[in-house]
Amino acid sequence: MTNEEDLRDEIPSYAYISLARRGMEKISLDQCFLKNCDNNDSKLLEPFKKEEFENDKEQVQKIFIKCKKCGGTFILKLKTIKYVAKSTKDSDEEPLSMGLVYALDEDENNLGHIGYF
Ligand SMILES: [Zn+2]
């Protein structure tokens, strides 16, 4: 699958960052995570490749994205942990997230844990 629109559908629109006792902050994943780049225009972001692997414990998707503003490439790594206990809290809350989002640079150096999806 190399269709760009299909790849876009694989990327969650938002990630959530835990703010300790102040709840969760929602951030857009339509942005470039490379240093010194402030691109947050999804039209300037071009997903072009996906790698996927899975084992007993987790499913990992890596989506390679080219930024047309800085010319760099970064990778959104979406890791879904299997067998996470379900939240027993109120059902109108956001479901307990079990997905983790990381940003990697082109050489797969970790740029940091972005949040949860
Ligand atoms: Zn950029």
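Is E25 buried or exposed, going by the other C-beta atoms within 10 Å? There are 12 of them, so E25 counts as exposed, given that the exposed class takes in 12 or fewer. Keep in mind that this is a predicted model. The protein chain has 1 helix and 7 strands, and of its 117 residues 15% count as buried.

**Overall layout and confidence**

- Reading from the N terminus, the elements go α-β-β-β-β-β-β-β.
- Contacts between residues 24 or more positions apart make up 41% of those in the protein chain with a separation of 6 or more.
- Mean pLDDT for the protein chain comes out at 87, with 85% of residues reaching 70 or more.
- Among the elements, helix 1 (residues 4–10) has the lowest mean pLDDT, at 83, while strand 4 has the highest, at 96.

**Around E25 in strand 2**

- E25 sits in strand 2, which covers 24–28.
- Setting aside neighbours within four places in sequence, E25 is in contact with Y16, I17 and L19.
- Y14 is 11 residues from E25 in sequence, and their C-alpha atoms are 9.9 Å apart.

**The loop between strand 2 and strand 3**

- N36 belongs to the loop that runs between strand 2 (24–28) and strand 3 (45–54).
- The phi of N36 is positive, about 65 degrees, even though N36 is not a glycine.
- As background, most residues other than glycine have a negative phi.
- N36 is exposed because it has 7 other C-beta atoms within 10 Å, and the exposed class goes up to 12.
- K43 is found in the loop between strand 2 and strand 3 too.
- With 8 other C-beta atoms within 10 Å, K43 is therefore exposed.
- From K43 to D30 is 13 residues in sequence and 8.9 Å in space, C-alpha to C-alpha.

- Strand 3 and strand 4 are antiparallel partners with 9 bridges between them, and K50 faces I63 in strand 4.
- The link from strand 3 to strand 4 is a hairpin with 3 residues.
- Strand 4 and strand 5 run antiparallel as well, joined by 9 bridges; V60 has K79 in strand 5 as its bridge partner.
- The hairpin of strand 4 and strand 5 has 5 residues between the strands, and G71 takes a positive phi there, near 80 degrees.
- Strand 5 and strand 6 are antiparallel and share 7 bridges.
- K79 turns up again in that pairing, standing opposite L100 in strand 6.
- Between strand 6 and strand 7 there are 5 bridges, again antiparallel, with V101 opposite G115 in strand 7.

- E108 lies in the loop between strand 6 (99–105) and strand 7 (110–116).
- Which way does the phi of E108 point, positive or negative? The value is positive, near 70 degrees, in a residue other than glycine.
- That phi falls in a hairpin with 4 residues between the strands.
- Why is E108 classed as exposed? It has 9 other C-beta atoms within 10 Å, and a count of 12 or fewer is the cut-off for exposed.

**The largest nonpolar core**

- The largest nonpolar core holds 15 residues, and those touching the most other members are C32, F33, I65, F74, L76, V101 and A103.
- Strand 4 (58–67), strand 5 (73–81) and strand 6 are the elements that each give two or more residues to this core.
- Strand 5 supplies the largest share of this core, at 4 residues.
- The general background is that in soluble globular proteins nonpolar side chains tend to be buried together.
- Not counting residues up to four places away in sequence, A103 touches F33, F74, L76, L111, G112 and I114.
- V101 ties this picture back to the strand pairing: V101 is one of the core residues with the most contacts to other members, and G115 in strand 7 stands opposite V101.

Technical notes. Residues are numbered from 1 along each chain as its sequence is written. A residue is buried if 20 or more other C-beta atoms lie within 10 Å of its own, exposed if 12 or fewer, and partly exposed in between; C-beta atoms are placed from the backbone. Two residues are in contact if their C-beta atoms, placed from the backbone, lie within 7 Å. A nonpolar core is a set of buried Ala, Val, Leu, Ile, Met, Phe, Trp, Tyr and Cys residues joined through C-beta atoms within 7 Å. Two strands pair if DSSP finds at least two bridges between them. pLDDT is the predictor's confidence in each residue, from 0 to 100.
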